[in-house]
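This report describes the fold and selected residues of one protein chain. Please look at the sequence and the structure below before reading on.

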Amino acid sequence: MKSTHLSLIAGTVALAAITGFASLNVPEGPAAEETATASSLPVERSSLVCPAPSTSDLAETRYTSFTPPGQETGKGQDEDVKDTAELKPALPVLDDEAETDPEKAEKAEEAAKKARAKADRPVLAVKEPGRPVLAEANGSDAPALVGTATGTLAPGWAAQQTTKVTAGGARGLLGVSCTAPDTDFWFPGASTARSRQDYLHLTNPDAGAAVADIQLFGAKGAVTSEVGDGITVPARSSVALLLSTLTDESVNDLTAHVTTRSGRVGAVLLSADDGSGTDWLTAAADPSGTLVMPGIPADATSVQLVAFAPGENDADVKVQLMGKNTTFAPAGNDTLHIKSGMTATVDLKDITRGEPGSLRLTPVEKNRATPIVAALQVVRGTGAKQEYAYIPATGPVGARASVTDNRAEGSTLSLAAPGATATVKVTTSAGSEGGEAAVETYTVKAGTTMSVTPKPPAGFKGAYALTVETVSGGPVHASRALVLPEDGVQMFTVQTLPDDGGTVVVPSARQDLSVLDD
């Protein structure tokens, strides 16, 4: 008999690769004898990146950042780790070609020095858990941001970037939760159609360059592209790529797949449609047999589902709307067949018919759960008054999730329970410029969607955050819609609330990590 032992140090290294940093404090003495199970500890380091907001001179951008409070925050952590949570401007991407003119070279070097100095000054810096901070930037020069949170400000750290453009081809409300860097992203709902301007933003927070590959898949399979491989994203920089320049094919509905061969990036897609508005599409949840897209507005005039099967097998899924009181299948669209390696679309029209809802996709045959990715494009209004936003499939709230930049009016929280009935706690934080936090508890019935209009905290000024925590029951999927009307247009944007990953499970001192082989 042979015994192979897993090193606790190796386990900690693996956790650090996932969370940015994980501390493993092994108890000693009598405490070690009493510890027999794995424990959950707060992460000590989190990273976020935000894309460059807009190329419009009319853009009005607000950045907000927040770390939720928690009783476990900071317990068991290294006392030497400082409490910081800062977002700083990304560095501009410089021309690779050496400047031969001495005068121009000197000016270029001076500009680079100023950019580096600017990148060292935080745009946002959270000072304490439970109170958000905000900053504003107008015009097309608002930068992409990169940042890190450490110590007690790392667990659950969140940031939001909201941009309002009132005129022009980029007219609309653009909202995006700043994302954690990763190595694999799916974007069902992209396009290279002539009416669309879809830019993929890749932001690298690290000290070394990252190299990314982009694949596009349409209704007939892979779309030919000769320039989507080996895209370099310089250190602490952000690049934007127009998808239509990656291929000669004009395709209405695509799935974009971004992977990195070295390094890691944050990836989000900025979509603009002539005459229909603009918004960010964040990456969909990882491929799964069951998906939930929460928070379709009650007054949606058009809803389009875009789905993709990345594996070798076709997928057959049930399409169901979780409404206010029950779950039902839309007439004529109760199932969807998705061919392997191809993008499928379904026009669900005004599926909600005056009531808020969430879309659930499940396997037709339970024993054949083919992994898929999916997202919704949701339209409100008609004609020149229409505006659209995206709702990608998202994971459940889990232990906790937060979303920032809530205002005195305009926020709606959607809570969907695809399985068993669930109870959640919703905390409205103190305002960035005053106010006190408040807590409400909600019970979401199985197979339904609950729409909640948060009440701003007492004495509220500035912006506040919403934090959702699962109390009991089944999983809950959530999203926040922010509506800022402008000249009769219901400008809106939707952000999903997956688990914030604020804690990590580590083995205890006495947990048996050996693997016994005969």
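What pLDDT does the chain average, and what share of the residues score at least 70? The model is a predicted one, and the chain averages a pLDDT of 88, with 84% of the residues scoring at least 70.

## The chain as a whole

The secondary structure comprises 3 helices and 38 strands. The chain has 518 residues, and 50% of them count as buried. Its accessible surface comes to about 23,300 Å², and 49% of that surface belongs to carbon and sulfur atoms. Among the contacts between residues at least 6 apart in sequence, 82% join residues at least 24 apart.

## A buried lysine

Lysine 164 belongs to strand 9, which spans residues 158-165. Is this lysine buried or exposed? Lysine 164 counts as buried because its relative accessibility is 17%, and the limit for burial is under 20%. The side chain of lysine 164 forms a polar contact of 2.9 Å with the side chain of glutamate 486. Not counting residues up to four places away in sequence, lysine 164 touches several residues, including Leu58, Ala59, Glu60, Leu484, Pro485 and Glu486. Gly172, Leu173 and Met491 are also touched by lysine 164.

## Two valines in loops

Valine 223 is located in the loop between strand 14 (221-222) and strand 15 (231-233). With 10% relative accessibility, valine 223 counts as buried. Its C-alpha atom is separated by 9.6 Å from that of serine 250, a residue 27 residues apart along the chain. Beyond the residues up to four places away in sequence, valine 223 touches Leu216, Phe217, Gly218, Thr247, Glu249, Val251 and Leu254.

Valine 397 is placed in the loop between strand 28 (387-392) and strand 29 (401-406). Valine 397 is buried, and its relative accessible area is 0%. Valine 397 and histidine 477 are 80 residues apart in sequence, yet their C-alpha atoms are 5.6 Å apart in space. Apart from its neighbours within four places in sequence, valine 397 is in contact with Val468, Glu469, Thr470, Val476, Ala478, Leu497, Pro498 and Asp499.

## Aromatic rings

How many aromatic pairs does the count come to? The count comes to 5 aromatic pairs. In one of them, the rings of phenylalanine 185 and phenylalanine 187 have centres 6.5 Å apart and planes at 15 degrees, so this pair is stacked. Stacking requires planes under 30 degrees apart. Both phenylalanine 185 and phenylalanine 187 are buried.

Why is the pair of phenylalanine 460 and tyrosine 464 edge-to-face? The centres of these two rings are 5.3 Å apart and their planes stand at 90 degrees, so the pair is edge-to-face; this class covers planes over 60 degrees apart. Phenylalanine 460 is buried, with a relative accessible area of 17%, and tyrosine 464 counts as buried at 1% relative accessibility.

Ring pairs also link Trp186, Phe217 and Phe308 into a cluster. A charged residue meets another ring: arginine 380 lies over the face of phenylalanine 492, at 5.1 Å from the ring centre.

## Two residues with positive phi

Arginine 353 has a positive phi of about 50 degrees, although it is not a glycine. Aspartate 487 also has a positive phi of about 50 degrees and is not a glycine. The table gives their locations and accessibilities.

| Residue | Loop between | Relative accessibility |
|---|---|---|
| Arginine 353 | strand 25 (343-349) and strand 26 (357-363) | 68% |
| Aspartate 487 | strand 35 (477-483) and strand 36 (492-496) | 62% |

Are these residues buried or exposed? Arginine 353 counts as exposed because its relative accessibility is 68%. Aspartate 487 counts as exposed because its relative accessibility is 62%. The limit for exposure is over 50%.

Key
Residues numbered from 1 in each chain as written. Heavy atoms only, no water. Helix = DSSP H or I, 4+ residues; strand = E, 2+ residues; numbered from the N terminus. Buried < 20%, exposed > 50% of the residue type's maximum accessible area, 1.4 Å probe, protein only. Polar contact = N/O pair within 3.5 Å; in protein donor to acceptor, adjacent residues only side chain to side chain. Contact = heavy atoms within 4.5 Å. pLDDT = per-residue confidence, 0-100. Phe/Tyr/Trp six-rings, centres within 6.5 Å; stacked < 30°, edge-to-face > 60°. Lys NZ or Arg CZ within 6 Å of the ring centre and 35° of its normal. Areas by Shrake-Rupley, 256 points an atom, 1.4 Å probe, with all protein chains shown as cover.
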